[in-house]
Amino acid sequence: MAGAAAGGLSEPAEKRRPLYFSHPACFAHDPSRVMPGHPESPQRLRAIERHLAERDWLGWERRQAPAATEAELELVHGAGHVRAVRELCEAGGGAIDADTYASEASFEAALHAVGAACAMTRALVDGEAPAGFCAVRPAGHHAEAERAMGFCLFDNVAIAAELAIRELEVERVFVFDWDVHHGNGTVEAFRRRPDVLVAGIHQQGIYPGTGAAEDRGSGPGEGCTINLPVPAGSGEELWLSLLERVVEPAAAAFEPNLILVSAGFDAHRDDPLAGCRLEAASFGRIARRVRQLATALGAPVGAVLEGGYSPPALAESVAATLAGLGQDPGEPSPALT
Ligand SMILES: [Zn+2]
């Protein structure tokens, strides 16, 4: 793994820089020939990286994401789905449904998106850093075991959570999904599982239509799904209140060894695909609370990019998130208070 020698277990936590993963392949997943004008475009990552480069990456250590193996994809997805996406891309790409596309380069992009989430998870579990962020495309949280949907081909976060449990001896993973859309793929992947707690705040009544508060998981996973739908127009006050009053106590009681965040930024007030009213700084405050939670639980925290379709708002929101996630809770942060 590139840069794996940096950091390490012998260094105190405050010396370990948080880790930022991306890969040039993630820029090549491009709707321009398949669905021109699609909001999920390479411009999103370009805006993020331009903004972060101007700020010296907020002190985060940058690492290039490896490609995932197909065996890693199959931790969550059926071999038939993996093959179908690969073959569609090899044939030049095309529409998968009314929203979801694959271009010729999308399979390679998706391998590096999953690979970023897996590499970050390995590094966090190894104690190389207390926090991480994956700036990758395509996103993942709508992708189901046998189906691409909602701009997502493979569920990056679900695969990372499954990898942690099956291969890294992590007992319990908490997934927090703050994308404005319900993360149906991740919920379905773990709905019957007591070892992965999935909590999400999302705008009710929009895509994909799942995520009712009454759905709390199934069978042995009963209680390990927490859906928190909020009405259009909801802003930071409600999001922070739900985080503080519902998400944090549930996560603390669950005692996770690892926290993964499906970090979508489409609850921003400028986002064209939804109607919530968070500001860029709101994501910073949410991220800081999640880092505080992780530190209190003695667990590392890693976030993976999901949605966010206003490139300027996305770039500012990601920067605020890195500031919040990267902030050692022991130090005051005037910029975020
Ligand atoms: Zn979304």
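Reader: In which loop is Ser 310 found?

Author: This is a predicted model, in which local features need pLDDT of at least 70 and side-chain atom pairs count only at pLDDT 80 or more, while totals for chains, interfaces and linings use all residues. Residues are numbered from 1 along each chain as its sequence is written, and side-chain values use heavy atoms, with hydrogens and water left out. Helices (H or I, at least four residues) and strands (E, at least two) are DSSP runs numbered from the N terminus. On that scheme, Ser 310 is in the loop between strand E10 (301-305) and helix H9 (311-325).

Reader: Is Ser 310 buried or exposed?

Author: Buried means under 20% relative accessible area, exposed over 50%, and partly exposed in between, with a 1.4 Å probe and protein chains only. Contact means heavy atoms within 4.5 Å, and Ser 310 touches Asp 270, Asp 271 and Pro 272, not counting residues up to four places away in sequence. At 14% relative accessibility, Ser 310 therefore counts as buried.

Reader: Which atoms coordinate the zinc ion?

Author: Donors are N, O and S atoms within 2.8 Å of the metal (3.2 Å for Na, K and Ca), and sites may look incomplete because water is not among the atoms. Here the distances run from 2.0 to 2.7 Å. The donors are Asp 179 (OD), Asp 179 (OD), His 181 (ND1) and Asp 266 (OD).

Reader: What is the geometry of the zinc ion site?

Author: Four donors count as tetrahedral if all angles lie between 85 and 135 degrees; four count as square planar and six as octahedral if opposite donors are over 155 degrees apart and all others between 65 and 115, and anything else is irregular. The angles among the four donor atoms of the zinc ion span 53 to 153 degrees. The site is thus classed as irregular.

Reader: How many residues apart in sequence are the parts that His 181 and Asp 266 tie together?

Author: The donor residues are spaced D-x1-H-x84-D. His 181, at 9% relative accessibility, counts as buried, and Asp 266, at 0%, also counts as buried. His 181 lies in the loop between strand E6 (173-177) and helix H6 (184-190) and Asp 266 in the loop between strand E9 (258-263) and helix H8 (280-297), so the parts they tie together are apart by 85 residues.

Reader: Which element gives the largest share of the lining of the largest cavity?

Author: A cavity is a set of points on a 1 Å grid over the protein atoms alone where a 1.4 Å probe fits but cannot get out, and lining residues have an atom within 4 Å of a point. Of the 13 lining residues, those closest to the centre are Asp 177, His 182, Gly 183, Val 187 and Gly 200. Strand E7 (196-203) and strand E8 (225-230) each give two or more residues to the lining. The largest share, five residues, comes from E7.

Reader: Is Glu 169 buried or exposed?

Author: Glu 169 is in the loop between H5 and E6. Its phi is near 60 degrees, a positive value in a residue other than glycine. At 74% relative accessibility, Glu 169 counts as exposed.

Key
1 Å grid on protein atoms, 1.4 Å probe; cavity = no way out; pocket = protein on both sides within 12 Å on 5 of 7 lines; lining within 4 Å.
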